[in-house]
Amino acid sequence: MNNTILNTEIQEFIKNNLNSEISTILLKGTSFLNVSTSEIIKQIEAKKRSEKKLPTWFNCENIYFPNKLNIEQTSSEITARYKSDLINGKQIIDLTGGFGVDCFYFSKRFETVIHTEINKQLSEIVNHNYKQLKVSNIATINTDGIH
């Protein structure tokens with residue numbers, strides 16, 4: 001996770017270029033230090049894909065987006081909300097947490113939620129994003145949840 005992406009100027013660039021041609025940005029490049037044009041393009045593409053599927057994340061400041069595959073594989077907010085309405089209780093663990101959308105909605109129905117994710121970078125991203133979303137009852141653990 002390259003925290004430089006969270007720089008205010010870079011976040012503004014991402015926001016302002018959501019509807020830009022990616023090929024134009026790639027050819028033109030960017031002048032930001034410590035973050036490549038490729039990294040910025042990945043953020044633009046992932047954020048754009050999240051607009052309808054993950055409006056809470058899309059509309060929240062300083063969200064760090066994972067790669068497009070993680071966005072494609074994650075539950076939509078509508079699906080996660082539906083799942084969370086089916087159960088409630090004191091504590092729940094998501095053994096394959098991914099981008100953490102299900103856990104976000106479980107956190108509204110459970111006292112404690114444990115999000116496990118084997119991918120270290122994705123686990124770091126999810127932990128960062130929960131702070132931005134002001135969720136405090138989810139513990140993120142970088143581990144193989146099956147073990």
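**View 1. The largest nonpolar core of this predicted model has 36 residues.** A nonpolar core is a set of buried Ala, Val, Leu, Ile, Met, Phe, Trp, Tyr and Cys residues joined through side-chain atoms within 4.5 Å. Buried means under 20% relative accessible area, exposed over 50%, and partly exposed in between (1.4 Å probe, protein chains only). Trp57 and Phe99 have the most contacts inside this core. At least two core residues come from each of α1 (8–16), α3 (37–53), α4 (55–59), α7 (101–106), β2 (110–117) and α8 (120–132), and α7 gives the most, with five residues. Helices (H or I, at least four residues) and strands (E, at least two) are DSSP runs, numbered from the N terminus. In soluble globular proteins, nonpolar side chains tend to be buried together.

As for the numbering and the model, residues are counted from 1 along each chain as its sequence is written, and local features need pLDDT of at least 70, side-chain atom pairs count only at pLDDT 80 or more, while totals for chains, interfaces and linings use all residues. Side-chain values use heavy atoms, with hydrogens and water left out.

**View 2. Meet the aromatic cluster of Trp57, Phe99, Phe104 and Tyr105.** Rings of Phe, Tyr and Trp (its six-membered ring) pair if their centres lie within 6.5 Å; planes under 30 degrees apart count as stacked, over 60 as edge-to-face and the rest as tilted. The structure holds five aromatic pairs. In one of them, the ring centres of tryptophan 57 and phenylalanine 99 are 6.1 Å apart and the planes meet at 45 degrees, so this pair is tilted. Tryptophan 57 lies in helix α4 and phenylalanine 99 in the loop between β1 (89–94) and α7, so the pair ties together parts that are 42 residues apart in sequence. Phenylalanine 104 and tyrosine 105 make an edge-to-face pair, 5.1 Å centre to centre with 85 degrees between the planes. Phenylalanine 104 is buried at 5% relative accessible area, and tyrosine 105 is buried at 6%.

**View 3. Lysine 47 places its charged end over the ring of phenylalanine 58.** The distance to the ring centre is 5.3 Å. A charge sits over a ring if NZ of Lys or CZ of Arg is within 6 Å of the ring centre and within 35 degrees of the ring normal.

**View 4. Here β2 and strand β3 (residues 138–142) pair in the parallel sense.** Their pairing runs over five bridges; two strands pair if DSSP finds at least two bridges between them. Isoleucine 114 stands opposite alanine 139 in β3.
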